[in-house]
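Got your viewer open and your selection box ready? Let's walk through this one stop by stop.

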Amino acid sequence: MVGRAWKFGDNISTDEITPGRYMGLRSNLPELAKHTLEDARKDFPSNVRRGDFVVAGKNFGMGSSREHAPLVIKMCGVTAVLAKSFARIFYRNAINIGLPAIVCDTTKINEGDELELHLSGGVVEDLTGKTKITFPPMSTTMDAILAEGGLMAYVEKHGDLVLS
Amino acid sequence: MTGKTLAEKLIGSHTAKGSASAGDVVIVRVDYTFSHDAAGPLLIQQINQLKIPSALDKNRTVFFIDHAVPSPTKELSNDQTIVRNYALGNDLILSDAGNGICHQVLAEDYLSPGDLMVGTDSHSCTAGGLCAFGTGMGATDIAIAMKLRKTWLRVPESVKMNIVGRLGKGVSAKDLILKTLSMLGTDGATYKSLEFDGTAINELDVYGRLTLTNMAVEAGAKTGLVKSDARTRRYLKEVGREQQWKEIHADDDASYESEIEVNASGLEPQIAFPDSPANVKPVSEAKNVRVNEVFIGTCTNTRIEDMRIVAQILKGKQKAKGLKLIVTPPSKKVYLKCMEEGILGILLQAGAMFTPPGCGVCYGAVGGIPADGEVIFSTSNRNFPGRTGNPKAQTYLGSPATASATAITGYITDPREFI
């Protein structure tokens with residue numbers, strides 16, 4: 001699936017992804033998703049399309065442990081978040097809910113570039129920039145969790161919490 | 001064989017094998033799990049959906065209602081009802097609205113040295129001030145940890161923060177951790193354990209240690225840890241749990257990824273400027289910043305020792321005209337102590353207003369939301385854009401002492417002028 005790149009800078013916090021002032025919407029995810037990343041880019045929630053990519057600098061998702069942050073990004077239809085690095089709780093949450101969080105060099109990706117993700121091949125293809133960006137596999141356990149679509153399905157499949 | 005860091009010891013003792021080293025990926029037994037009203041409804045949904053047998057530990061699973069109290073909207077009230085009913089219905093521990101902020105209550109009533117705790121809150125690393133391994137995770141991870149009494153972890157590499165020298169008057173653990181963050185940046189310790197030690201730590205009481213470890217996550221760390229020593233024992237005695245004390249320290253030949261020295265002697269009070277807790281400068285470079293609201297509260301600060309310093313500075317003084325001064329005791333126990341010691345009267349006379357123990361003001365959920373263009377000076381741990389509920393406001397961070405002096409003058413002020 002091909003989607004467009006939405007560029008973000010370094011250190012995007014969970015307070016910018018899902019601001020605390022919308023805490024009352026946490027049990028209403030479709031409504032909460034209408035504010036996704038609005039404090040970082042006001043145009044994002046109204047214009048993001050199914051299949052698009054969030055493309056960021058370093059330390060994406062720093063701050064809170066709110067799982068709602070990756071959940072609303074996924075709910076917007078985003079294929080994957082690509083970043084130079086992630087804050088650890090966001091990263092773990094994203095994989096747990098089945099949203100690919102890919103560590104790769106995002107420098108050469110420009111705003112609006114058409115991207116295609118080949119998850120198992122470890123490649124993001126920039127169709128506009130005509131470049132291929134490779135990324136290494138995650139840890140074995142995280143790859144296995146993502147392959148199942150998230151931690152709930154992974155645990156149910158094994159009937160227990162096990163390492164892969 | 002090399003010795004063990006605190007992180008290796010605390011995680012290792014919770015594995016089936018009984019030991020672990022940095023880089024290992026392990027399944028660990030958890031002593032405590034917790035959630036709260038901000039993540040609880042999602043967590044409870046996951047617990048209910050997960051089709052595996054439940055091993056919920058009635059004595060070690062804690063639900064807090066602390067993130068928006070008293071609830072300002074029907075939606076949040078409904079969320080809190082879900083959490084309250086789940087805890088009561090399953091005979092789990094409920095720390096209801098008004099009882100206090102999760103990290104503070106965990107330190108007062110539950111955690112002891114050597115424990116391993118995971119919760120749905122990024123500041124779970126606060127536990128390290130008591131030499132308990134705590135780390136924050138999302139609702140799904142904690143739902144599974146609660147239901148199965150275990151989780152998986154990668155054992156972190158450790159960075160030794162060697163804090164030498166002696167803190168001066170009016171300078172505190174908050175200034176030390178802000179200084180540390182200015183050196184590490186907001187991702188300088190990602191995935192790692194920050195282990196605080198050194199001569200200044202030997203002299204730091206648990207309340208200050210909790211302030212240090214609370215903000216470890218602000219450098220991206222998985223946790224922050226301090227050894228368990230005679231001061232830890234004294235703290236546990238004060239909260240009526242001395243029998244739970246045990247001595248724990250890292251081995252002399254433990255292997256650290258790096259070692260960073262911070263000198264407490266001569267350290268100026270430190271201020272985090274907008275919009276990052278690592279954007280730190282000494283107070284002398286913040287003097288002309290006019291402040292509209294001072295907020296003294298949160299899991300970072302305002303344990304009773306902090307409240308005594310606040311009262312010492314504000315006694316007989318008045319807050320600046322037009323400035324809002326908001327004080328939130330972190331728990332019912334600290335609130336009661338403030339009452340017994342006359343601190344409430346001193347602060348009320350100085351013009352403070354109190355909100356009940358909770359997290360709401362810190363992150364813009366309830367109370368104290370600034371007007372457009374206003375500046376907040378907060379004793380909290382985060383000042384990201386929009387954090388306090390209005391993206392058109394700015395937040396500076398500092399110690400309770402600096403906040404108190406700032407409340408008097410209306411400008412960011414060096415507290416040493418008032419001590």
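The radius of gyration is taken over C-alpha atoms, and the globule rule to hold it against is 2.2 Å times the number of residues to the power 0.38. What you have loaded is a predicted model, in which local features need pLDDT of at least 70 and side-chain atom pairs count only at pLDDT 80 or more, while totals for chains, interfaces and linings use all residues. Residues are numbered from 1 along each chain as its sequence is written, and chains are lettered from A and ligands numbered from 1 in the order in which they are written.

**Stop 1: chain B as a whole**

Select chain B. Its radius of gyration is 20 Å, which agrees with the value near 22 Å that a compact globule of 419 residues would have. Its C-alpha atoms fill a box of roughly 60 × 50 × 40 Å along the principal axes. Of its 419 residues, 61% count as buried (20 or more other C-beta atoms within 10 Å of the residue's own; 12 or fewer is exposed, in between is partly exposed, and C-beta atoms are placed from the backbone).

**Stop 2**

**Stop 3: the parallel sheet in chain B**

Which strand order does the open sheet of 4 strands have? Select them and read off 10-9-8-11, with parallel pairing (two strands pair if DSSP finds at least two bridges between them). Strand 10 (223–226) and strand 11 (258–263) of chain B sit at the edges with a single partner strand each, so one side of each has no neighbour in the sheet.

Zoom in on strand 9 (residues 193–197) of chain B, which pairs with strand 10 over 4 bridges. S193(B) faces T223(B), and F196(B) stands opposite V226(B). Along strand 10 of chain B, T223(B) and L225(B) point one way and G224(B) and V226(B) the other, and all are buried.

Helix 6 (residues 173–184) of chain B lies across strands 8 and 11, at about 130 degrees to strand 11. Helix 8 (residues 206–214) of chain B touches strands 9 and 10 and makes about 155 degrees with strand 10. Axes here are lines fitted to C-alpha atoms, for helices over the stretch in contact, and angles run from 0 to 180 degrees between N-to-C directions.

**Stop 4: across to chain A**

Bring chain A back. The contact takes 37 residues from chain A and 48 residues from chain B. On the chain A side, helix 5 (88–96) gives the most, with 5 residues.

Finish at P136(A), in the loop between strand 7 (131–134) and helix 6 (140–147) of chain A. Buried or exposed? P136(A) counts as exposed, because it has 8 C-beta neighbours inside 10 Å. Select G122(A) too: its C-alpha atom is 6.2 Å from that of P136(A), although the two are 14 residues apart along the chain.

Note on methods. Contact = placed C-beta atoms within 7 Å. Helix = DSSP H or I, 4+ residues; strand = E, 2+ residues; numbered from the N terminus.
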